[in-house]
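I opened this model with a few side chains and backbone angles to look up. My entries are below the structure.

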Amino acid sequence: PPRTGSTLLRVMLAGHPGLFAPPELNLLLFSTLQERKEILAGGAASHLQGTVRAVRQIRGCGIEEAEQLISRYENEGMTIQEFYGKMQEWLGDRLLVDKSPGYAMNAPAMKRVESYFKEPYYIHLLRHPYGMINSYLEARLDLLIGQQMSDVFSLNRQEIAEMTWTVNVKNILSVLETVPQDRQLTVKFEDMVNQPGDTARAICTFLNLEYNPGMIAPYQDTDQRMTDGLHDA
C-alpha cells in the first residue's frame with residue numbers, strides 16, 4: 001500500500017549490483033504502452049516518468065532519446081509484456097524490480113505477473129496500519145484520488161486511509177495465495193527501518209544473491225539508485 005516505505009525498500013534494492021530497481025514503472029495496469037500513454041494523460045502524465053528514467057538508466061542515454069524510444073514502441077503497438085521483455089533483455093543477468101504501489105488496488109493486474117514472467121519473486125512490504133494511516137493523513141494522500149472519489153464513497157480522510165490499507169493488503173494476500181511459498185517474502189517496514197542489515201540479508205537469501213553492504217547505504221550512488229528527479233538526472 002502507499003506510505004508503507006516502498007521507496008526506501010526500492011532504494012535498498014537498487015544498491016545491489018544484481019538488481020535493477022527503478023522508480024514506479026506503472027505498467028501492469030495496462031495491456032499496451034499506447035493504452036498506458038492515453039490513460040495516463042494530462043495531470044496523470046507524471047506516472048509515465050518511471051519508464052523514461054528506467055530506459056535512460058539502462059541504455060545510458062539522455063532523457064530525449066529515452067522518450068523517443070518509448071514513443072516508437074508506443075506507436076508500434078508494443079505490449080506491456082514485450083516491453084518488460086525488452087528491459088530484461090537489456091539488463092542481462094540483473095533482475096528487474098517493479099515497485100509500483102498502485103498495483104495493490106488491482107488484484108487482476110497483479111495476477112498478470114505469473115503469465116508475463118517465469119517464476120517471478122514477490123516481496124510483500126507490510127507496515128502496521130497505524131503507521132501507514134498516520135503517514136497517509138500527514139501526506140494528505142487522499143487529494144491525489146480527487147474529490148469525486150471521496151464523494152462517491154462518502155468517506156473522510158481517515159476513513160479513506162483505513163480503506164486503502166485494508167483493500168490493498170487484502171488484494172495482495174489474495175494474489176499471494178496462488179504463489180508458491182518459496183517465491184514470496186514478507187518484509188515488515190518496522191524491521192527494515194530498525195534492522196536494515198538483517199532485512200537486506202534476508203532479501204538476498206530469498207533472491208539467491210550474495211549480500212552487498214551497499215544496500216544499507218541509501219545515500220551512496222544516488223544516480224544508480226535513481227533517487228534524483230527525472231530532469232535532474
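**Entry 1: Arg10**

I kept in mind that this is a predicted model. I started with Arg10, which sits in helix H1, residues 6-14. What is the nearest side chain of opposite charge to Arg10? I found Glu24, 5.6 Å away. A salt bridge needs a side-chain nitrogen within 4 Å of a carboxyl oxygen. Arg10 has no salt bridge, yet Arg10 is buried. I then listed its contacts, leaving out residues up to four places away in sequence. Arg10 touches Ala21, Pro22, Pro23, Lys99, Arg225, Met226 and Thr227.

**Entry 2: positive phi**

Next I looked up backbone angles. Asn26 is not a glycine, but has a positive phi of about 50 degrees. I placed Asn26 in the loop between strand E1 (19-20) and helix H2 (33-39). Glu119 also came up, with a positive phi near 50 degrees in a residue other than glycine. Glu119 lies in the loop between helix H6 (107-116) and strand E3 (122-126).

Are these two buried or exposed? Asn26 has a relative accessible area of 10%, so I noted Asn26 as buried. Glu119 has a relative accessible area of 55%, so Glu119 went down as exposed.

**Entry 3: cysteines**

How many disulfides does the structure hold? I noted 0. Cys61 is buried, with a relative accessible area of 11%. Cys204 counts as buried because its relative accessibility is 2%, and the cut-off for buried is under 20%.

Notes: Residues are numbered from 1 along each chain as its sequence is written. This is a predicted model: local features need pLDDT of at least 70, side-chain atom pairs count only at pLDDT 80 or more; totals for chains, interfaces and linings use all residues. Side-chain values use heavy atoms; hydrogens and water are left out. Helices (H or I, at least four residues) and strands (E, at least two) are DSSP runs, numbered from the N terminus. Buried means under 20% relative accessible area, exposed over 50%, partly exposed in between (1.4 Å probe, protein chains only). Lys and Arg count as positive and Asp and Glu as negative; His and the chain ends are not counted. Contact means heavy atoms within 4.5 Å. A disulfide is a pair of cysteine sulfur atoms within 2.5 Å.
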